[in-house]
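Biologist: I have a model open and some labels to check. Can we go through them one by one?

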Amino acid sequence: MSLLYNRIPGLVKAAATEPLPSTSVAPQVSTTDVLRARLASESMPGQRADDFRVALAVEGGGMRAVVSSGMLLALEQLGFGDAFDLVIGTSAGSLASAFFVASQATEGSVLFYTDLTAAPFLDKRNAFKRRKAIDLDYLVDTASRRRGLEYSQLRESGVELWATVCPVEESNPVHLLRVEGDNDRIGAILKASAALPVLGGPSRYVDGNAYVDGGLSEQIPWRSAMDLGATHILVLPSRAVDEVEEAGRMSFVEKFATTRIVGSMHGDHVADLVGVLPESAANQANALLAIADASATAMDTSGSAWTGHLEVVDIPAEVPVPARLETKRPVLVDGLIGGAQSLLDHFGLGSVSVEQRVVLQHAEVSVAELRSEQLRSVIRRTL
């Protein structure tokens with residue numbers, strides 16, 4: 001299914017603004033209810049008792065992804081790891097999603113407030129010298145593997161993992177890659193999805209094609225979930241979606257300076273996408289909110305409405321959202337906890353605390369061993 005909004009290049013708007021007829025708001029079961037039912041029945045990928053296809057769409061945004069990583073941490077510890085059929089991540093959200101699919105979301109979340117706050121991963125001084133400021137090779141090949149991410153776990157999982165990417169060449173139509181294959185290909189996809197223009201260094205190659213950060217194509221990959229046949233979608237943003245909707249445009253000077261720098265490293269197509277990013281992000285957010293509240297819908301190429309169910313986890317205003325290159329550990333920790341709490345509130349579990357709240361007192365202690373089975377049985381009874 002290919003989604004149609006309007007035909008203005010680089011913009012995304014909902015095709016309809018009128019409320020949908022009741023006949024087109026199928027399925028009647030909400031995403032949350034499907035997930036609860038699957039958890040209660042101990043449903044496993046490939047052995048479902050329902051005919052639904054449930055997707056998890058995870059936003060990135062550099063260090064801001066610690067918020068959506070906190071949501072993944074909560075989902076894992078609540079026992080929802082096997083309740084999804086596919087997970088799609090954008091940028092840093094792709095790596096966080098890989099940890100989730102590998103049943104290591106708790107361990108992966110530790111990266112944000114340890115390994116990612118300083119060299120060798122991050123050197124902010126290089127950002128002012130038009131040189132690589134973040135080391136994706138270190139992040140993916142060293143830090144993530146040290147935190148327990150094994151690619152064999154991704155290959156063996158029954159949950160599909162996808163990552164958004166942005167092609168450097170305008171003629172390349174690929175904006176979404178299945179995270180599969182040998183170790184080199186999986187690593188290359190995770191790096192490509194998070195390759196911020198300029199800050200992440202040169203473009204990354206997968207299957208012979210050059211790519212940069214998937215956020216230039218789709219900041220929150222809900223459209224990709226629809227393209228992949230999802231009937232239900234749970235969106236994990238890394239900042240309040242309505243704040244993105246209200247984002248302003250770059251000034252002429254900002255756009256001129258930024259696009260010149262990006263163009264010199266990645267070419268004109270990527271520079272053009274960076275230039276319209278604030279507008280395209282706001283339009284995508286506007287469409288997402290409209291679809292979530294059923295005031296608009298996506299259309300496929302046949303002109304039929306997507307009749308699935310989409311939910312967005314709300315991030316309250318009091319949750320501190322880190323900057324893209326944030327390094328202050330307290331800010332990152334608070335963002336992580338805020339994301340986890342937002343997910344718990346979405347499921348009506350405001351009285352439940354995730355284990356990471358305790359682990360944060362001892363960040364260097366392994367958190368791979370969890371009391372997940374005991375927690376899972378309690379959650380089943382609570383839901």
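Biologist: Which residues in H4 meet which residues in H13?

Modeller: Ser-109, Phe-112 and Tyr-113 in H4 meet Arg-329, Leu-332, Val-333 and Leu-336 in H13. Contact means heavy atoms within 4.5 Å. This is a predicted model: local features need pLDDT of at least 70, side-chain atom pairs count only at pLDDT 80 or more, and totals for chains, interfaces and linings use all residues. Residues are numbered from 1 along each chain as its sequence is written, and side-chain values use heavy atoms, with hydrogens and water left out.

Biologist: Why is H4 called roughly antiparallel to H13?

Modeller: The axes of H4 (residues 105-113) and H13 (residues 329-346) cross at roughly 150 degrees. Angles over 145 degrees count as roughly antiparallel, so H4 is roughly antiparallel to H13.

Biologist: What makes Asp-115 and Arg-146 a salt bridge?

Modeller: A salt bridge needs a side-chain nitrogen of Lys or Arg within 4 Å of a carboxyl oxygen of Asp or Glu. For Asp-115 and Arg-146, the closest N and O atoms are 2.6 Å apart. Asp-115 lies in the loop between H4 and helix H5 (136-146) and Arg-146 in H5, so the pair ties together parts 31 residues apart in sequence.

Biologist: Which of these counts as buried or exposed, Asp-115 or Arg-146?

Modeller: Buried means under 20% relative accessible area, exposed over 50%, partly exposed in between (1.4 Å probe, protein chains only). Asp-115, at 12%, is therefore buried. Arg-146, at 53%, is therefore exposed.

Biologist: How do you know that Arg-239 and Glu-59 pair?

Modeller: Their side chains meet at 3.8 Å, N to O. Glu-59 has 1% relative accessibility, so Glu-59 counts as buried.

Definitions and conventions
Axes are lines fitted to C-alpha atoms, for helices over the stretch in contact, and angles run from 0 to 180 degrees between N-to-C directions. Helices (H or I, at least four residues) and strands (E, at least two) are DSSP runs, numbered from the N terminus. Angles under 35 degrees count as roughly parallel, over 145 as roughly antiparallel, 65 to 115 as roughly perpendicular and the rest as oblique.
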